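Q: Please take a close look at one part of this structure, the contact between two of its chains. I would like one connected account.

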Amino acid sequence: MKKWAAVTLAIWALAGMAGAKTTLTVGLDSDPPSLDPLLSSALVDRQVQNQIYDKLVDLDANLKIVPMLATSWSVEGGGTVYMFKLRQGVKFQDGSDFNAEAVKFNLDRYRTAPGSRRAGELAPVKDVQVVDTYTVRVVLKEPFSPLLAILSDRSGMMVSPTAVQKLGADFANNPVGSGPFKFVERRRQDRIVLAKNENYWMKGFPKVDELIYRPFPDDDVRTANLLSGAVNIISPVAAKDLETLRKNPNLSVSTFPGIGYQGIYLNVSKGALANKALRQAFAATIDRDTVDKVVFLGTAQPANGPFPPGSVGYDKSIPAPKQDLDLAKKKLAEGGKPQGFSFTLSIAPGPVLAQLAQVYQAMAAQAGIQIKIEQVEFGTLLDRGTKGDFEAMALGWSGRPDPDGNIYDFVRCKSPNNYSQYCNPKVDALLNRARAIRVPEARRAIYSDALKILLDDLPYVYTYVPQTTIGMSKKLSGIPTVPDGILRFRAADLGE
Amino acid sequence: MILFVLRRLVGGLPTLLLVTLLVFALTRVLPGDPATLLLGEEANPQLAAKLREQLGLNRPILVQYGAWLGGLVQGDLGRSIRDNEKVSPIIWQKLPTSLELAFFALAIALLLGVPAGVVAALRRGSATDAGVTVLALSGISIPNFFLGILLVYLFSIRLDWIPPSGYVEPWVDLRKNLLLMLLPAFTLGTALAGAIARFTRNSLLEVLSQDYVRTARAKGLGERIVVWRHALRNAAIPVVTVIGLQLGGLLGGAVITEQVFSIPGFGRLVVDSVFNRDFPVLQAVVLISAISVFLVNVLVDLLYAAIDPRIRYG
Amino acid sequence: MTRTLRSFLSNRLALAGLVMVLLLALGAVLAPWLTHYSPTQTDFTGLQQAPSSKHLLGTDELGRDIFSRVLFGARVSLVAGLISVSIALVLGGLIGLVAGFYGGWLDNLLMRLTDAMLAFPFLVLAIALAAVLGPSLQNTLIAIGIVTTPVFARLVRGQALAERPRDYVQAAVALGGGDLRILLRHLLPNITGPLIVQVSLSTAAAVLAEATLSFLGLGIQPPTPSWGSMLNAARGYLAYAPWMAIFPGLAIFLAVLAFNLIGDGLRDALDPRTKK
């Protein structure tokens, strides 16, 4: 405690001396649990990780893959070999060199370290070979087109091998990368402090001296902190607060579609919803525009499937389904329940989720379908999902830049996130084919075929695409709007 | 005296042991698998199984309990499941915040409760007395979350006097720290203030009717001296008891207040560790809360002796 | 008893509490006749309307009538208070009687157990229990009941201990009366007074606890109106629709206050020391 106080005092004393030191404070909606990409499973982790670590490749505002630590790459062997040329002269924050050995160390660690959360997405990788100091060859078991997109995320984050070897289990609490900001300290549920990496390879960047992340789980508190100037930027902004922020002359707001989706798992293996016609009946009662209007005040976008606009998989010729009560009644009769039926919808606690569930409930009631809402804690919800112990469950997906990441593990037979217990070999075959080819148009066509089957079988009702919402001080500039929702502060400038 | 303290401390051990056993049993029957929860979006059965093994969650419960107890004896509370941080530093980070809040809540409660109680007792049966009773019971009855919300609405949103919530360490910005502590401490302190006012009134009334007070009065001592020097001192025992009873609960009881005001303290830690199934943290937090309840009780006993010289502990 | 009753009735505050509880109960029972709005009828075209002659207390985030929801919410709160305290009374009473009457190792064990439970922060235990049992009205009541049990166990044990050496108990034992009969016939009537006080105070606490658990999303399930969950839903709209928070909050406050007033008045009435 004392030691901590002394350190803080020292930091603030230093801050006082430097005078011109610029601090950028970011308000998030939760506290990032893990800063080690190996162990990270929470979306919010990536916000901080992206400042500490550079990745092999990055995404631009159009979700296009752009160079980062890898300056160029080529694909050989019919899509089974990726050759990466690496940036030279990059050093980790502990002074050690970034090179091909470091890339191999990182990818091998992600693939094989016990308890790695990255092993799944890197499973198609067979081998990582060092060709020379700045060239790496990644060999795949079979063609796997999502690889680059995966390397633009946590699996592509390069941590310092020296630090990992030195710190072991404590690396997560003292992370070292090559990114624009280096880790200083963290206080659980309170703040994470990062400082400018003076030796960053991109000369003249970053522009701010200090970056502080603060978790504000409460929407009002987050907004209030932005309004009072205690923080410079927040994300997300609650829908109800967007108008207030827009009206404020000192603040600017940006909203754009994210890469995830929200909706409802329908258990196809048991309960009333095991009956396909009844699933279709329920799905037909959903009025996506009303959901958007009532719960999200017009800031969400009705979804036609798991691929949001902007994704390679998005097919604009497939419309988001409309409410159709006649169809619902027809399907009820077809399912042998012309008078309606009832099922339980499990949701995580939270006012917005409760509101959303009650909107579904009211809409289903119009066709005589009774929904019983059951709030269970998130832990219990996931547990029931994994065990297939539920009838319907409102749970979305944060999204991945490559369409494969939004569908592959969700609807294939026995895949890890297939809570609905859905199994259709036709869909499996399509999804496996889609991940093997690299021509975007061809992939989209295959995904659309799969989606049409899913929209009929309905293991999941895709309802809306959440927006990424950012509110920030007008003085702040240089933050690209990338659909993955991660705020990149490398070029951020407070303009002071 | 020292012997008494020692005996009390040793005597409390079985209860504390029982508390640890209870909380351990409770964590293990909580539905929801910490491994799955920890993996979140990356969950899959194989990885979860591996993680459970890594965390030692698939060992028999008694073995787990034994291991935890063994660590506890050596002062090792284990590591958080959620972020692999050691539990003790987490506790040490959060405890001062909650203690500060509890301290201010108690201060506010005493400042409001004792004078109110005294006034009510001295004007027994008057409108003032009834008013104090209603206010005191209102303080006890108003839900923390409602009062907290009301205060935020009034002082932060409507009047814009006080930032709505958050926490700043006192050594960073003392003024802001105190300002931010005001509303939560008041929220947390009202129930205690009500209880203190009620007990002060009732116990003072009883003391005032006793012989020695009459004697003191007969001796011609001023009413003020009689009340403040003699009666109040003797009336303090039940009041101290009720403070002790409630203070012990303040640490864990601040759950809601800390939630409403976004204070990163002990109460938040409790809720988060339940929701995250972070067993090692939950176990430690409950243990510390139980110890604090227990220590406060011992302290109350000692205070009795200090207040009333007739009470002696052999 | 009549003297106590008279003393209680002469306590204006306690009487006010009683009237408030009766009004609340009346409101809860007559709810369907007092308003023509259903508490669960949503209206997506009339979200968060301010109080008006059409909607006395305004509408909520789904366009439901808040007056109707507050009225129907009284059912949940009163039921929660009464049932969970009944559970605690029966459970705690039994534990206390057994511990106080038999004494010895059984007493020791039971009391250590209640000590341990009392050492838990009330809310932590309630949250954990609610999480274990799963959220529903019934489980919330059980969780609150269990958490409230130790207080009753302590109280009853203390009284039983005090009554045990009395002549009538000893005489009954000597006459060979069955254990249970002695316990119930002789001990219970003598501890009724303090129990009633504790019941009313615990009811206040239980109403509060239900609201708190619902506020945390662990209690009554939507769309059933509960004051706690109404307040929880209102939190985000404080700046835009304060009526969503104020009315259910006031309802909780008044209900809890009413039970506390009664308990406080009863305590005064039963306590010979505070007699005039």
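A: The model is predicted, and the values below are computed from it. Chain B gives 43 residues to the contact, and chain C gives 43 residues. Between them, the two chains bury about 3900 Å². Of this buried area, 80% is on carbon and sulfur atoms.

One salt bridge is found across the interface of chain B and chain C. Its partners are B:R198 and C:D264, and the closest N and O atoms of this pair are 2.2 Å apart. The pair counts as a salt bridge because a side-chain nitrogen of Lys or Arg has to lie within 4 Å of a carboxyl oxygen of Asp or Glu. Polar contacts across this interface come to three residue pairs, with both residues of a pair at pLDDT 80 or more.

Now consider the side of chain B that touches chain C. The elements of chain B that give two or more residues to this side are α1 (2-29), α6 (127-141), α7 (144-158), α8 (174-208), α11 (255-260), α12 (266-275) and α13 (279-307). Sorted by kind, the residues on this side of chain B are 31 nonpolar, eight polar and four charged.

For a view of another part, turn to chain A. One open sheet there has four strands in the order β4-β5-β7-β6, with antiparallel pairing. Strands β4 (70-76) and β6 (125-132) of chain A each have a single partner strand, so one side of each is left without a neighbour in the sheet. On average, neighbouring strands of this sheet are turned by 20° against each other, direction ignored. Inside the sheet, strand β5 (residues 81-86) of chain A is joined to strand β7 (residues 135-140) of chain A by five bridges, and the two run antiparallel. A:M83 has A:R137 in β7(A) as its bridge partner. Helix α3 (residues 100-112) of chain A lies across β5, β6 and β7 of chain A and runs at about 170° to β6(A).

To return to the contact asked about, chain B and chain C bury about 3900 Å² between them, with one salt bridge found across their interface.

How values were computed. Residues are numbered from 1 along each chain as its sequence is written. Chains are lettered from A and ligands numbered from 1 in the order in which they are written. This is a predicted model: local features need pLDDT of at least 70, side-chain atom pairs count only at pLDDT 80 or more; totals for chains, interfaces and linings use all residues. Side-chain values use heavy atoms; hydrogens and water are left out. Contact means heavy atoms within 4.5 Å. Buried area is the accessible area (1.4 Å probe) that two parts lose on being put together, summed over both. A polar contact is a pair of N or O atoms within 3.5 Å; within protein, one must be able to donate a hydrogen and the other to accept it, and residues adjacent in sequence count only if both atoms are side-chain atoms. Ala, Val, Leu, Ile, Met, Phe, Trp, Tyr, Cys and Pro count as nonpolar, Asp, Glu, Lys and Arg as charged, and the others, Gly among them, as polar. Two strands pair if DSSP finds at least two bridges between them. Axes are lines fitted to C-alpha atoms, for helices over the stretch in contact, and angles run from 0 to 180 degrees between N-to-C directions.
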